[in-house]
Amino acid sequence: MTSQRVVIAGAGLGGLRTAEALRAHGFEGEIVIFGDEAHAPYNRPPLSKEALYGEISHEKLAFRVRSTATDLTWRLNDPIAGSDLDAHTVTLASGEVVTYDALVAATGVSARRLPIPGPPATAAAGRHVIRTLDDALALRASLTQDARVVVLGAGFIGCEVAATARQLGCEVHCVAIDSHPMIRPLGVELAAELERRHKERGVIFHLGVGLTAFEGESHVTGVVLSDGTRLAADVVVEALGSRCNVEWLDGHGLDLTDGVLTDNALRAVRDGVPLDGVSAVGDIARFPNPRFDDRPWRIEHWNIPTDTGRRAATAITAYLSGTDYADVVATEWDALPSFWSDQYEIRMQSYGMPGLADADGIRLLEGELHGECVMGYHRGEDLVGVVGIGMLKIVNGYRDRVGKAEWLRARAAS
Amino acid sequence: MGLKVVVDMNVCQDHGQCVFAAPEVFELDDNGRLVVMVEEPDESMRSAVEDAADVCPVQAITIEG
């Protein structure tokens with residue numbers, strides 16, 4: 001029998017963890033991992049935080065690979081451009097065609113850019129994004145004392161960059177269409193409190209407005225907002241969310257409307273039916289999570305690549321070995337999304353999906369809003385998320401209480 | 001050689017995620033600081049401590065042996 005081959009598209013955290021889990025489950029065939037960056041997998045959260053202060057290098061951010069998973073074939077700087085799911089092949093940007101027995105889509109997301117004309121969308125022209133190590137290195141070099149920085153977007157990444165830039169002595173304007181920073185996941189009360197803390201440290205917000213123009217030709221010199229305000233800028237950071245890198249899967253009946261729709265075993269769904277041997281993990285996987293509801297969600301939190309990678313690997317190993325496959329994919333699996341954010345001295349830690357809460361379902365559970373606190377996010381009677389500002393040990397204590405009450409009871413009983 | 005857990009305390013930021021993965025080995029003390037309770041755990045704990053190293057947001061945990 002010839003050796004089986006698993007092709008993993010994407011050399012980030014999800015690709016790495018899937019490969020390690022395949023080995024842990026006893027898959028002995030070939031594992032080939034293709035990545036579009038030149039770097040082996042590295043940790044991205046520091047890119048918008050501590051990496052902007054001091055020394056960063058790939059060496060410091062690189063993930064260690066488990067000692068049981070050293071025999072992986074890394075094809076870095078070698079992106080996949082297309083696929084043929086019936087022929088079981090992928091086509092690289094170089095034109096090479098590679099066959100697979102199982103395929104894992106772990107291509108992640110790219111930073112979204114505003115479709116507004118202006119200077120070139122490059123770091124050299126002063127228009128930055130933060131997704132890769134190279135992005136962070138370029139931005140770090142620009143965040144000099146008194147630099148005029150405009151951050152577009154007030155989500156977590158935007159707010160982390162704003163905080164870091166302030167601490168580096170930059171003048172920081174933050175522009176967002178929302179009424180408060182981070183309001184969509186956190187709700188108005190906590191978002192308004194965090195806005196107050198950012199303002200106290202000198203961030204100037206322009207909320208409820210969009211961008212109408214970039215100014216400058218070869219280098220950005222400013223931006224114009226929808227209320228007519230002009231802001232001079234040396235550095236513009238586009239922190240406007242992400243777009244999924246899934247074009248290479250086009251044309252095969254997969255649901256790619258928001259990432260890759262999968263079943264609970266992370267198998268890609270084709271024309272309503274899970275496709276054997278094709279999985280999606282990490283930021284692009286849109287999977288049903290029984291902890292919350294039947295609706296599939298795509299979750300860009302740091303723990304998701306690891307959790308989905310492990311789950312996908314169990315299904316792939318069973319599929320390729322022909323052992324217990326039906327049982328493995330039928331065994332219900334759940335994930336608890338978790339994220340943290342560091343802004344100034346503020347450590348935020350969340351479990352669950354606070355964004356699912358009812359408008360009137362957000363309540364202070366512990367502490368004080370103006371100091372350290374834990375906020376609870378409820379949908380009906382269910383606690384669907386918690387967010388702690390400080391109080392880490394206490395917020396960690398809520399971890400096992402997050403989810404649909406009915407599901408938590410069933411889990412406790414089993 | 002047995003299993004050895006090393007935490008780089010210059011990197012550790014007390015997220016405490018390792019505590020969930022391997023509660024027999026890691027603990028947050030009353031001040032919320034991470035403590036390694038068992039530096040050389042039994043081989044039977046390998047999977048749990050490797051999971052703990054995986055889930056560390058700042059990748060401060062190394063497993064030797």
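Guide:
**Salt bridges, pair by pair**

In this predicted model, the side chains of A:Arg196 and A:Glu193 form a salt bridge, with N and O 2.8 Å apart. Both residues belong to helix H6 of chain A, which spans residues 188-200. They are three residues apart, about one turn of the helix. A:Glu193 is buried because its value of 3% falls under the 20% limit. A:Arg196 has 33% and therefore counts as partly exposed, since that class lies between 20% and 50%.

The next pair is A:Arg127 with A:Glu238, whose side chains meet in a salt bridge at 3.0 Å, N to O. A:Arg127 and A:Glu238 are both buried.

Another pair involves chain B. B:Asp51 and A:Arg66 form a salt bridge through their side chains, again with an N to O distance given as 3.0 Å. B:Asp51 lies in helix H2 (residues 46-55) of chain B, while A:Arg66 lies in the loop between helix H2 (58-61) and strand S3 (73-75) of chain A, so the pair joins two chains. With a relative accessible area of 14%, A:Arg66 is buried. B:Asp51, at 23%, is partly exposed.

A:Arg66 and B:Asp51 also belong to a network of salt bridges. The other members of that network are A:Arg17, A:Glu20 and A:Arg310 from chain A, with B:Glu50 and B:Asp54 from chain B. Over all chains, the count comes to 39 salt bridges.

A:Gln4 is located in the segment before strand S1 (5-9) of chain A. A polar atom of the A:Gln4 side chain lies 3.1 Å from the backbone oxygen of A:Leu320. Leaving aside residues up to four places away in sequence, A:Gln4 touches A:Leu320 together with A:Phe27, A:Gly29, A:Glu30 and A:Asp101.

Terms used: Residues numbered from 1 in each chain as written. Chains lettered and ligands numbered in written order. Predicted model: local features only at pLDDT ≥ 70, side-chain atom pairs only at ≥ 80, totals over all residues. Heavy atoms only, no water. Helix = DSSP H or I, 4+ residues; strand = E, 2+ residues; numbered from the N terminus. Polar contact = N/O pair within 3.5 Å; in protein donor to acceptor, adjacent residues only side chain to side chain. Contact = heavy atoms within 4.5 Å. Salt bridge = Lys/Arg side-chain N within 4 Å of Asp/Glu carboxyl O. Buried < 20%, exposed > 50% of the residue type's maximum accessible area, 1.4 Å probe, protein only.
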